Every structure is written in structure tokens, then in C-alpha cells.
Amino acid sequence: MREDMNEGLPCRYAIGLMSGTSVDGIDAAVVQLCGHPGEPPRVNLVAFENTAYPRQIREDIFALFDPKHATIDQVGRMNVLLGELYAEAALAVIAQAKLAVQDISVIGSHGQTIYHAPTLARVHGYDLHYTVQIGEGSVIAARTGIPCVSDFRPADMAVGGQGAPLVPFTEYLLYREVDRTLLLQNIGGIGNVTVIPANCMPEHVYAFDTGPGNMLIDGVVERLTHGEQKMDMGGAIAQKGNIHPDLLQWLQQEPYYTRPLPKSTGREQFGAPYIEGLLAYARELGMAPEDIVATVTMLTAWSIGDSYRRYIQMDHQADAMLVGGGGSYNPVLMAFIRQEMEPMGVQVFTQEQMGQNSDAKEAIAFAVLADYTLARRPNTLPNVTGAERAVILGKISY
């Protein structure tokens with residue numbers, strides 16, 4: 001740790017690694033954290049790099065999302081392989097930052113979620129819920145020589161939480177304002193929103209998954225193009241289509257949208273079987289491919305607006321929504337979100353419009369979370385996840 005010459009604060013470097021539900025690749029960020037460990041830091045992004053998964057590895061990861069195919073040997077092998085890939089991503093971003101391994105205090109790796117079951121179920125007399133993220137932290141630590149914090153979610157679930165969302169802890173530290181109520185909307189594979197009321201305390205922050213983000217859009221595009229396209233780049237397909245009211249209304253009946261808070265969801269709810277059912281109904285309606293893509297794009301925007309109307313607006317009239325994640329690069333989706341939010345008095349901006357980095361946001365968050373873990377300080381918001389108390393997240397590998 002060194003002293004910052006401008007403010008006399010102790011500063012250190014940390015790395016955050018993130019691989020989301022879209023399985024696009026590995027986001028790696030080097031951040032400078034200034035302030036005493038375990039206290040709200042001043043954060044500067046030093047370097048960021050996204051490494052796409054090789055096609056075969058991406059397909060192998062997707063195969064693990066189906067519990068029938070996720071055999072123990074395949075999960076174990078991919079756990080170690082991802083550890084190797086994450087370590088390579090960490091070393092690459094260190095080089096990009098023109099730093100040495102010895103300059104980095106900790107790596108925080110979210111890992112790749114392959115199954116998330118946040119709802120309690122009675123099993124042999126116990127109420128159980130669980131989550132599975134892979135990407136072996138011991139491999140990352142061994143290959144880099146840097147302590148690695150991984151497997152963040154189980155600690156929260158052990159005290160009754162859903163293990164998600166975790167990023168609101170860092171969003172509160174980095175984004176809260178005295179005069180404005182902000183909504184931080186992330187659109188990865190799943191959409192999630194964090195509500196930060198003006199001049200609030202940590203216990204006033206709440207967050208939840210709004211529903212599918214890019215997951216249905218990507219899944220529909222991949223199937224309609226027979227794998228030639230993995231996403232609707234720039235909203236080009238949706239731009240040519242029209243929203244089909246019957247399909248949209250059918251999709252809006254999904255019970256997840258009306259479930260009480262706290263709540264989280266994932267590929268278990270909106271993955272391959274859901275997409276196949278969606279496409280089967282669209283075929284019954286005789287829909288053109290462009291109209292299907294336009295309609296599921298509108299669904300994501302609607303779910304964001306519906307979440308605000310249903311769970312937020314009555315208590316907190318928001319001033320602005322900051323949108324990050326891959327969905328923020330889809331101009332059609334962003335236009336639909338503005339149609340939903342701006343009539344309710346909520347201005348919509350992308351992270352880039354506010355001088356931030358959409359791609360790096362979650363990787364930065366896990367660098368900050370790991371820094372707190374290393375300092376042995378709680379790094380959760382229990383009212384966000386539904387946990388009984390705040391805990392220290394993660395397992396440390398040296």
C-alpha cells in the first residue's frame with residue numbers, strides 16, 4: 001500500500017473479474033482504491049479488458065446450464081479451466097495497466113454462474129437454497145501469485161439471503177447523491193435495478209432483478225439465425241420489426257414480474273426451455289422473425305418500467321436512471337426504456353453519458369467487494385438480498 005501524494009490517503013490496486021449470464025466473455029478491471037481498507041474508497045479505473053470466450057468453451061459452459069447435462073466431471077473440469085482463463089485475463093489487464101503482479105493487493109472473481117436457486121425448498125427436514133458459481137479461485141491465486149476472493153454468494157445465502165444482487169453494496173458507496181434519487185439499471189443477461197434514495201443510509205437502498213435483460217433477445221436471435229448471430233447487434237433486427245401485442249401480453253403474464261421483494265432470477269427461469277416456448281407461441285401467431293425480436297426487446301423495457309411502477313414509484317419518485325451493461329448499447333432497447341420511464345418523470349442516461357464505463361461497472365464492483373473481504377469487513381446490504389444480517393462475502397485463496 002502506498003500514500004496518494006495529492007490527499008495523503010493510502011492507495012492500493014485491485015482487480016475485479018466478471019463473467020455474466022450472457023457468457024460473452026471475461027471482464028477484467030484494474031482499479032486504484034484510495035482510502036483505508038474496509039472504508040468507502042475513492043475508485044479510479046486504471047485499465048479494462050474484455051476477453052471473449054473461445055466458441056467451444058462458450059458452448060461447453062452453456063451445456064452446464066442444463067442440470068441433466070452438468071455431470072460432476074464436466075462441472076469440475078470447467079471449474080478449473082475457467083480458473084486458468086480468469087488468471088490469464090488478470091495477468092493481461094495487469095500488463096495493460098503497466099503494473100507488476102506485486103502491485104496488486106487482491107483479485108475479486110465473481111465466477112460463472114451455472115445454477116442459482118434462491119427460493120427455499122424443504123429437503124430432509126431442512127429449508128435449503130443454493131447457488132453454483134465456477135472458476136476456481138485457488139487456480140487464479142496460484143497462477144498470479146495474488147490473493148483471490150471468489151464464491152461470493154453462499155455467505156449471504158447461509159444467513160437467509162438470496163445471494164443476489166451483490167453489486168448494490170458498491171453502487172451505494174460510489175453513486176449515492178444528496179439531492180437526487182437514482183435508479184441504477186443493469187442490463188446483462190438478466191436486468192437488475194438498484195434504488196438509491198436521495199441522501200439515504202445503507203439500509204434504505206434496495207435492489208432486485210427486474211426480469212430478462214438481453215437473455216431472451218440473444219436466445220431468440222441465435223435460434224432464428226441458426227447460430228449465425230449471437231445477439232441483435234445495435235438493435236438492427238428489432239429496428240425492422242413491429243411489436244406484436246398478443247405475444248407481448250402473453251409474455252407479460254410471467255408470474256416472476258409480480259413476485260414480492262426481495263427477488264432474483266436467472267437462466268433457470270428465462271433460459272432455453274422458456275425461449276423454446278416463446279418461439280412456439282410466436283409460430284402459432286405467424287410472426288416474422290423481426291417482429292419476434294422487436295417484441296422481446298420491448299418486453300425487457302416493459303419489465304423495467306413495470307418494476308418501477310410496481311415496487312418503487314410509490315415510495316421513491318426517481319430523478320434519473322443510469323443504464324449500464326450490454327443492453328445499454330442497443331439503441332432500440334434504450335428508446336423503448338425512455339418511452340417507459342420519461343413519461344413518469346425519470347430521465348434515462350447511459351453510464352457513458354455520465355462519464356462512467358458500462359462494461360467495467362460490475363468488474364469494478366467485485367474489486368471493491370474483494371477489498372472489503374480482505375479487510376474482514378461486511379460487504380452486503382441485507383435489506384437488498386433478504387438476509388438476516390450483513391456478512392463478509394467470499395472465500396480467500398492465497
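Which strand holds the place of Ser397? Ser397 sits in strand β13 (residues 395-397). This is a predicted model, in which local features need pLDDT of at least 70, side-chain atom pairs count only at pLDDT 80 or more, and totals for chains, interfaces and linings use all residues. Residues are numbered from 1 along each chain as its sequence is written, and side-chain values use heavy atoms, with hydrogens and water left out.

View 1. Strands are DSSP runs of E, at least two residues, and helices are runs of H or I, at least four, numbered from the N terminus. Ser397 counts as buried because its relative accessibility is 14%; the cut-offs are under 20% relative accessible area for buried, over 50% for exposed and partly exposed in between (1.4 Å probe, protein chains only). Beyond residues up to four places away in sequence, Ser397 touches Gly137, Ser138, Ala141, Ile146, Pro147 and Cys148. Contact means heavy atoms within 4.5 Å. A polar atom of the Ser397 side chain lies 3.4 Å from the backbone nitrogen of Ser138.

**View 2. The largest nonpolar core.** This core has 50 residues. A nonpolar core is a set of buried Ala, Val, Leu, Ile, Met, Phe, Trp, Tyr and Cys residues joined through side-chain atoms within 4.5 Å. Leu183, Leu278, Ile312, Met321, Ile337 and Met341 have the most contacts inside it. Helix α11 (residues 289-312) supplies the largest share, 12 residues. A second, separate core has 37 residues, including Val31, Cys200, Phe366 and Val384.

**View 3. Contacts of Leu278.** Neighbours within four places in sequence are set aside. Leu278 then meets Leu216, Val220, Leu247, Trp250, Leu251, Ile292 and Val296.

**View 4. Packing of helix α11 against helix α12 (residues 331-341).** The helices pack at about 35 degrees, with axes 9 Å apart. Axes are lines fitted to C-alpha atoms over the stretch in contact, and angles run from 0 to 180 degrees between N-to-C directions. The crossing is right-handed, meaning that the near helix is turned clockwise from the far one by less than a right angle. Among the contact residues are Ala294, Trp302 and Arg309 of α11 and Val332, Phe336 and Met341 of α12. The contact divides into 11 nonpolar, 3 polar and 3 charged residues.

**View 5. Met298 in helix α11.** Met298 has a relative accessible area of 9%, so it is buried. Not counting residues up to four places away in sequence, Met298 touches Ile243, Leu248, Phe336 and Glu340.

Methods: Polar contact = N/O pair within 3.5 Å; in protein donor to acceptor, adjacent residues only side chain to side chain. Nonpolar A, V, L, I, M, F, W, Y, C, P; charged D, E, K, R; others polar.
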